[in-house]
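Open the model in your viewer and keep the sequence panel beside it.

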Amino acid sequence: MQICIVGLGRMGGNIARRLMAGGHECVVYDRDPKAVEDSVKAGATSAKDLKGLAEALKPPRTVWVMLPAGAPTDETVTALGDILSSGDTIIDGGNSFYKDDIRRAKALEPKGIAYVDVGTSGGVWGLSRGYCMMVGGDEKAVDRLDPILKTLAPGAGDIPKTKRLEGADPRAVEGYIHAGPVGAGHFVKMVHNGIEYGLMQAYAEGFDILRGKNSQDLPEDERYDLNLADIAEVWRRGSVVSSWLLDLTASALAGDGKLEKFTGAVADSGEGRWTIEAAIEEAVPANVLAAALFARFRSREEHGFGDKLLSAMRFGFGGHVEAPAKS
């Protein structure tokens with residue numbers, strides 16, 4: 001298929017590369033000339049502006065927007081709505097708030113432009129590993145995009161298959177799903193990220209307890225100088241707490257046992273807050289997820305070893321840099 005990618009940051013550029021490697025034709029646009037140049041070298045065609053990219057595509061046109069949530073995405077979707085035509089599709093693959101998706105889709109509907117939201121997980125590793133995707137939108141529009149989604153997804157791989165009910169959607173096994181109407185994709189991804197906060201916090205606190213077992217405040221015969229890198233490594237192999245996050249933890253500790261390059265000031269990108277807001281709206285208790293979010297707030301005031309491990313995991317899967325230290 002032919003597709004345009006708007007936004008060639010940490011994930012957008014790799015999405016374009018994975019699509020081109022899968023035989024798709026990509027037109028790219030970004031305000032950063034270097035990012036555009038890198039994509040062109042990989043085989044993409046560049047456009048000088050949004051109007052130019054629309055002219056470079058054949059109807060029905062598909063534009064994948066991969067920009068920060070909020071104003072950058074809003075402004076771009078609005079501009080594209082004035083440029084594209086009936087039958088075209090705008091995809092938001094960033095981390096937008098699902099209620100914004102619903103609003104945008106309603107604004108585009110009179111123009112006949114389909115809006116599809118894709119919650120995209122995979123971080124900086126997506127180019128090689130593939131992207132887990134949760135998709136919201138009209139069924140007909142989503143089905144038209146299947147060749148793109150199938151190329152971006154990781155595929156079944158060697159993960160043991162779950163015994164599923166007859167007639168279950170086979171796309172889930174491939175690493176992507178049509179979650180429901182507009183907004184459903186980003187809603188599922190939002191909760192995914194809220195869970196991610198909780199999992200990461202559990203690892204961080206657990207390893208902080210292991211590290212603290214050598215404290216001078218403990219009786220001498222109860223102190224253990226534990227090798228955290230070895231513990232992380234052995235837990236990766238056969239343990240019930242094994243996961244990709246633990247893989248990243250093991251890698252970080254193997255390279256720097258004290259995590260000295262991290263301050264422990266842990267940012268939150270929005271989805272954790274939105275997940276707690278949804279829990280409040282639904283009157284669903286979310287004790288662990290809320291505590292994990294508040295722990296990130298606290299980390300910006302004082303930093304412990306567990307906070308450094310959170311920073312290391314975030315850098316490992318997404319290339320996220322720490323929040324600037326407060327002066």
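This is a predicted model: local features need pLDDT of at least 70, side-chain atom pairs count only at pLDDT 80 or more; totals for chains, interfaces and linings use all residues.

Residues are numbered from 1 along each chain as its sequence is written, and side-chain values use heavy atoms, without hydrogens or water.

**Stop 1: the whole protein.** Show it as a cartoon. You will find 15 helices and eight strands (DSSP runs numbered from the N terminus: H or I of at least four residues, E of at least two). The radius of gyration is 22 Å, close to the 20 Å of the globule rule for 327 residues, so the protein is as compact as a globular protein of that length (C-alpha atoms; the rule is 2.2 Å times the number of residues to the power 0.38). The C-alpha trace spans about 75 × 50 × 40 Å along its principal axes.

**Stop 2: the interior.** Of the 327 residues, 46% are buried (under 20% relative accessible area, 1.4 Å probe, protein chains only).

**Stop 3: the second largest pocket.** Its volume is about 300 Å³ (the space filled by probe spheres set on the grid points, joined across faces, edges and corners). A pocket is an open set of points on a 1 Å grid where a 1.4 Å probe fits, with protein on both sides within 12 Å along at least five of seven lines; lining residues have an atom within 4 Å of a point. Select R211, L228, G257, K258 and F305: of the 15 lining residues, these are the closest to its centre. Next, colour α10 (184-212), α11 (228-235) and α15 (305-318), which each give two or more residues to the lining.

Definitions and conventions:
Buried means under 20% relative accessible area, exposed over 50%, partly exposed in between (1.4 Å probe, protein chains only).
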